[in-house]
Amino acid sequence: MKLNNQKKFLLNLLFKGKVTRKQLENILKITPSTLSYLLTNLKKKDLITVSHNKTEKAGRPKQIIKMNKNFWKSLGIRIGRETISLTVFNGDFEEEEKISMKLTKNEMGNENISLMLEKIIKKVSSLDKIKAVGIALSGNVKKGKVNSKILNLENFSPSTIVKSILPNATVSVLNDVEAISTEEFVKHGGKKILVVNYGTGIGACFYESHGIYEKSERKVIELGHFYAGSKEKCYCGAFGCLETVASDYANLKRFKFYNLKIEEFISNEEIYDNDLAELRNLYKINEKEAKKIYETTFEYLAIFLTNIFRLLAPEKIILSGEGVSKWFSQVLERKILSISSVAVPITYRGLKNNIEFGAALDAIREYILSSKF
Ligand SMILES: [Zn+2]
């Protein structure tokens with residue numbers, strides 16, 4: 001894709017937050033006068049703000065360029081099994097408004113989720129300023145259509161609902177792990193990364209970096225449904241998926257519920273909330289017991305992650321999700337080290353990720369790429 005300087009300019013602001021004139025001249029390889037022309041143009045359209053940093057003693061004050069926080073408003077929405085939540089972000093990605101609504105088991109399915117999505121968007125106090133909407137869901141997303149066993153969605157198209165309320169907004173539909181990895185991709189300055197989201201499910205997303213100007217460089221890896229050789233039938237329809245032997249479902253089974261089946265677990269997950277919390281904190285009170293329960297899981301994860309690492313060669317593997325802790329990632333890293341001759345760099349991120357932020361960020365990036373400025 002051939003991008004003009006204005007778009008490149010804006011993408012750099014999006015990834016870096018703020019930049020100086022000098023930095024922009026170097027990144028875009030343009031002369032000071034071309035930059036001045038660009039700055040005037042973008043300022044006239046209200047897309048950016050320029051401030052002067054007066055703390056510098058010697059020489060001229062530095063000009064700091066940022067996105068205009070009143071122009072770049074976006075919505076990040078997350079639809080999960082238990083809640084639908086929405087955050088309004090400004091151009092500095094500060095949270096301006098947060099709304100959350102509970103979802104019950106009876107509110108799953110295309111029709112119900114559509115109604116809830118409509119309801120939550122209409123609660124936003126100033127919709128007229130919204131430029132882009134990012135929606136992240138637990139499920140399979142292809143060309144804006146969502147299929148999800150967990151949310152009971154079939155060829156669900158969230159953008160149709162958003163467009164009926166906000167016809168001019170750019171809409172981006174992503175899977176949870178894609179949203180998390182978008183945030184990580186930006187945080188790591190556009191490096192090649194693999195994000196693994198671990199909990200009762202196991203998802204992954206690979207960001208193949210071609211720099212920040214290229215569009216489609218991420219790939220969702222359905223790690224949880226890779227064949228791991230067990231005999232159990234998975235809720236996806238296949239047999240022997242990794243989730244049946246190495247997810248928090250499998251750990252929970254080894255912990256307390258020996259006869260549990262994955263399909264039964266997925267459709268009644270909320271019953272096990274307390275047991276899951278107990279399991280995930282077990283290492284704090286009885287590390288030996290925790291190690292025993294997680295042993296098989298670590299073995300499987302070590303094998304799968306080492307192989308994926310060899311295949312894709314990311315600069316980092318980032319572990320996120322409800323099922324991981326610092327302890328979890330350290331034991332896993334040691335396990336990998338014990339079987340592999342290549343060092344696999346693992347970064348623990350846990351639950352620090354904000355899926356709504358990642359979704360909104362993705363939508364704004366999409367908006368910059370597709371708009372005519
Ligand atoms: Zn499966």
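Which residue stands opposite Val173 in E11? I started there, in a model that is predicted. Ile135 is the residue opposite Val173.

**Entry 1: strand E11 and its partner**

I looked up the pairing next. Strand E7 (residues 130–137) and E11 run parallel and are joined by six bridges. Then I checked burial along E11, residues 170–175. Six of its six residues are buried, so the strand is largely enclosed by the rest of the structure.

**Entry 2: the cores**

I asked which residues have the most contacts inside the largest nonpolar core. They are Val196, Leu223, Leu242, Phe328 and Leu332, in a core of 47 residues. Helix H11 (residues 287–312) supplies the largest share of this core, 10 residues.

I went back to Val196 and listed its contacts, leaving out residues up to four places away in sequence. Val196 touches Ile202, Gly203, Ala204, Leu223, Leu305, Ile317, Ile318, Leu319 and Ser320. Leu223 is also on the list of residues with the most contacts inside the largest core.

**Entry 3: the five-stranded sheet**

I traced an open sheet of five strands. Its order is E14-E13-E12-E15-E16, and its pairing is mixed. Why is one side of E14 and of E16 left without a neighbour in the sheet? Strand E14 (218–221) and strand E16 (346–350) stand at the edges, and each has a single partner strand, so one side of each has no neighbour there. I noted the twist too: it averages 20° from one strand to the next.

Inside the sheet I checked E12 against E15. Strand E12 (residues 193–198) pairs with strand E15 (residues 316–320) in the parallel sense, over five bridges. Ile193 has Lys316 as its bridge partner in E15.

**Entry 4: helix H12 over the sheet**

Which strands does helix H12 lie across? The helix, residues 326–339, lies across E12, E15 and E16. H12 runs at about 160° to E16.

I picked Ser329, which lies in helix H12. Is Ser329 buried or exposed? Its relative accessibility is 5%, so Ser329 counts as buried. Beyond residues up to four places away in sequence, Ser329 touches Leu319, Ile346 and Tyr348. Leu319 is a contact of Val196 as well.

**Entry 5: H8 against H11**

I looked at how helix H8 (residues 248–255) meets H11. The two pack at an angle of about 145°, and their axes are 9 Å apart. Their crossing is right-handed. On the H8 side the contact is made by Asp248, Asn251, Arg254 and Phe255. On the H11 side it is made by Ile293, Tyr294, Thr296 and Thr297.

**Entry 6: cysteines**

How many disulfides does a search of the whole structure find? It finds zero. Cys234 has 0% relative accessibility and counts as buried. Cys241 is buried too, with a relative accessible area of 1%.

**Entry 7: positive phi**

I looked for positive phi in residues other than glycine. Phe93 has phi near 60°. Phe93 sits in the loop between strand E5 (83–89) and strand E6 (95–102). Its relative accessible area is 17%, and buried means under 20%, so Phe93 is buried.

Ala313 has phi near 50°, again a positive value. Ala313 is found in the loop between H11 and E15. At 44% relative accessibility, Ala313 counts as partly exposed.

**Entry 8: strand E3 and its partners**

Last, I checked the strands that pair with E3. Strand E1 (residues 18–20) and strand E3 (residues 62–67) pair in the antiparallel sense over three bridges. Lys18 of that pairing stands opposite Lys66 in E3. Strand E2 (residues 48–53) also runs antiparallel to E3, joined by six bridges. Met67 in E3 is the bridge partner of Ile48.

Terms used: Residues numbered from 1 in each chain as written. Predicted model: local features only at pLDDT ≥ 70, side-chain atom pairs only at ≥ 80, totals over all residues. Heavy atoms only, no water. Core = buried A, V, L, I, M, F, W, Y, C linked by side-chain atoms within 4.5 Å. Buried < 20%, exposed > 50% of the residue type's maximum accessible area, 1.4 Å probe, protein only. Helix = DSSP H or I, 4+ residues; strand = E, 2+ residues; numbered from the N terminus. Contact = heavy atoms within 4.5 Å. Pairing = 2+ DSSP bridges. Axes fitted to C-alpha atoms, helices over the stretch in contact; angles between N-to-C directions. Disulfide = S-S within 2.5 Å. Left-handed = near helix turned anticlockwise from the far one by under 90°.
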